[in-house]
Amino acid sequence: MSCNVNIRLASDRVDQGLLADYTAPRLYTPGENIILHTGFMKGHGTYSEDSTYIKASVAGVMEKVNKLISIKPLKSRYVGEIGDVVVARVLEVQQKRWKVDTNSRLDSALLLSSINLPGGELRRRGVEDEQSMRKYLQEGDLISAEVQNVMSDGTLSLHTRSLKYGKLGQGTLVKVFPSLVKRRKTHFHNLPCGASIILGNNGYIWISPTVPTENENTGGFTQNLKEVIPKADREVIARLKNCVLALAKCKMILFDTSILYAFEESMKYEIHELLNQEAILDVALATKHRLRLLDDYRNLISKRVASMKNNIFYFITVATLLHNWHNVQGHEIHISEDQTIARVSKYNSNGDEDIQLEGNFLNVKALNFRANSCNIKLFPKNLFEKFPVLETLLMNAVHLERIPEGVFQHGENIKNLYLERNRLTLLVKGTFTGAESLESLKLSKNNISVIESGSFDGLPNLKSLELNRNDIKILKPDTLRDLQSLETIDLSFNQIEKIPNQIFASCTHLKMVKLFKNKLKTFDINLPSDLNFCYLNVDNNSINYFSLTFNQLNEVTETDDCTSHGIHAAHNLIESFYVPKESMAVNLIAVNGNLLNDIGNITKISGLKKLDISGNSGIETLTVLKDAKNLQALSLSNMGLTQLDRDIFVHLNSLTELDLSKNLLENLDFDAFANGLTEFYKLQLQNNKLKEFDVQKLLEKFPNITYLNIKNNDLTESQVNEIVSVLNDKNVTVIH
């Protein structure tokens, strides 16, 4: 007998922090001072021992409503409110009531008078009803109910008077933190994937097969446990459960839209694979991305509907996101009034090489095959003959397995091609030949492992190429040989071990390269001359040698379309780091979490403004930092520092942020800093060994400081109180 065993090393664990926002909320611990009592009122999760400070009684984040201060705990038992929908389990049958578990601090009560009798009969409850209570509900039964009242001691009183509430039949129960369930008007949902879900405000989520309409409102007491649920329905329920657990593990808010998006994003995985950490993170990241798109587009819709009527790409994307809610019946294809937009809601190719759609599509510029509702294993050969002026094509999650050679020979007008979340495994030479106008190509979340030479030939106008989240192991030197207009390429989350030195030689307009989460061991790249190159990310690889060379880079301006002009090479094994100096047009370098022995020529880069070398405790000297005269943000966390070198910081006249956390500093020598640092605002000193701290020197050197973190040091309570007292008067946030 054999079985598969998945053993995960600590070094390979998945960082779910990728889902976190850049700035974490301020957390308060029990007993910590929140704010001066003067002018404010205490709310939930707070108390005051005297009239000086309002303090936190639980661990959580502060919520401020006008003058009311409260602390919302991150993890807690369910605190019910009237009108909440809950899923509960019967614990005990008592006199004229049932005791039920609602995940709250105390057991809740369901009175006999608060339920619907079988069949929805309306009458006074008598002795016979009390004697028959176990026929209605018995120990272990699961029910859905609504909170009717909250007693003075916090006990919840429930009711099931509506016919939608009552005993639950076959299904599965998922438990999550109550704070993750979004409060909405409706918590009962029939999802288009073929299952029903009840999102209890108490953190109990019930997933079951969709109940036929004629059996929905029967009073909630009929329960057929002998009925066999079809395997397909059980698989949908199991997939939904794993999706809910994945979102909950990544601390994402649960509501019908997020769960449905997660279900759709999970289709590339087998059900059991959704228990793997990589799959969990992948599904959660994709869901979060779609939710952000949805929010952005809804905001745009409300503000700019009139001005966006002619924007094809905008309209088709919005239609795709919002249309996932509807199970369209009848026609397979829908055409907009002006005949420029088409949406295929249901289509099954049945293995045909040609697309079988009847109608006049001569004016259609945007075509969307609805994700997870169409089955097209082979890219249709006659698609561009049917749609001769097509500019935008969305075929996401349509089970596409192969793109035959020559299908784009009539696709000279196509500009945006999205083939994400499919089953492509191979790109052959000349795959996209003919699509001369193509500007954006998305092939992410497929199973592509082989890219033949010449796969992207014939695409002179391609600007954006996304190949992330595939299974690519090898890239050939001439893979991108015909992409002279390429600006952005995303190869993250693959299995790439080496990047050919001249792979970007033809990409004379390259700006952004993403290669994080691969298996790179070396990075030695030559870039073409005269680039506006501004972003490179190779985080989380196994790189031990880094070299980036070119002749000359153009100066990057603030108007260039780059989110962060920098090199990100964190969490590798880099010992030697080489980049050109004066010609480098980036303002950020992050090489934290490596094995650097020295900083090399990094500080010679004329435009460098942000530098993160934290976690490189092997660096013998930091003296060269004095050459980085334009440096604004510097991170030296976890470097084993015991003191500051006066010969370094006195030259950093532009410094605004400094991170010295997780070192061995016992005293901070403020004389090491230059005078006149009026722009300096943030200093992090947490997790050191500080025994004394001169707050007056701090204000003298950094007169406009707004943030100071001195948490987890060896300062006495009186020292901390003095620092907080002085800095609060200066409106400085102090973390202690």
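This is a predicted model: local features need pLDDT of at least 70, side-chain atom pairs count only at pLDDT 80 or more; totals for chains, interfaces and linings use all residues.
Visitor: At what angle do the axes of α3 and α4 cross?

Guide: Two packed helices are described by the angle between their axes and the distance between the axes. Here the axes of α3 (residues 231-249) and α4 (residues 256-265) come within 9 Å and cross at roughly 115 degrees, which makes α3 roughly perpendicular to α4 (65 to 115 degrees, as against under 35 for roughly parallel, over 145 for roughly antiparallel, and oblique for the rest). The axes are lines fitted to C-alpha atoms over the stretch in contact, with angles from 0 to 180 degrees between N-to-C directions; helices (H or I, at least four residues) and strands (E, at least two) are DSSP runs numbered from the N terminus.

Visitor: Which residues of α3 meet α4?

Guide: From α3, Val236, Arg239, Leu240, Cys243, Val244 and Leu247 meet Ser258, Ile259, Ala262 and Phe263 of α4, contact being heavy atoms within 4.5 Å. By class, this contact of α3 with α4 has eight nonpolar, one polar and one charged residues (Ala, Val, Leu, Ile, Met, Phe, Trp, Tyr, Cys and Pro count as nonpolar, Asp, Glu, Lys and Arg as charged, the others, Gly among them, as polar). The buried residues of α3 include Val236, Arg239, Leu240, Cys243, Val244 and Leu247, together with Ile237 and Asn242, where buried is under 20% relative accessible area, exposed over 50%, and partly exposed in between (1.4 Å probe, protein chains only).

Visitor: Where does a positive phi occur around α3?

Guide: Most residues other than glycine have a negative phi. Just after α3, however, Lys251 takes a positive phi of about 60 degrees. Arg469, in the loop between β28 (464-466) and β29 (488-490), has a phi near 60 degrees as well, and at 13% relative accessibility Arg469 counts as buried. Asn731 also has a positive phi of about 60 degrees; this residue is found in the loop between α10 (717-728) and β42 (733-735), where Asn731 is exposed, with a relative accessible area of 67%.

Visitor: What does Leu74 touch?

Guide: Leaving out residues up to four places away in sequence, Leu74 touches Leu27, Ala59, Gly60, Val61 and Ser179. Leu74 lies in the loop between β7 (68-73) and β8 (85-94) and is partly exposed, with a relative accessible area of 44%. Leu74 and Leu180 are 106 residues apart in sequence and 9.5 Å apart in space, C-alpha to C-alpha.

Visitor: Is Ser547 buried or exposed?

Guide: Ser547, in strand β33 (residues 545-549), is buried, with a relative accessible area of 4%. Apart from neighbours within four places in sequence, Ser547 is in contact with Phe523, Asp524, Ile525 and Tyr578.

Visitor: How many helices and strands are there in the protein?

Guide: The protein has ten helices and 42 strands, and 49% of its 736 residues count as buried. Of the contacts with a separation of 6 or more, 57% join residues 24 or more positions apart.

Terms used:
Residues are numbered from 1 along each chain as its sequence is written. Side-chain values use heavy atoms; hydrogens and water are left out.
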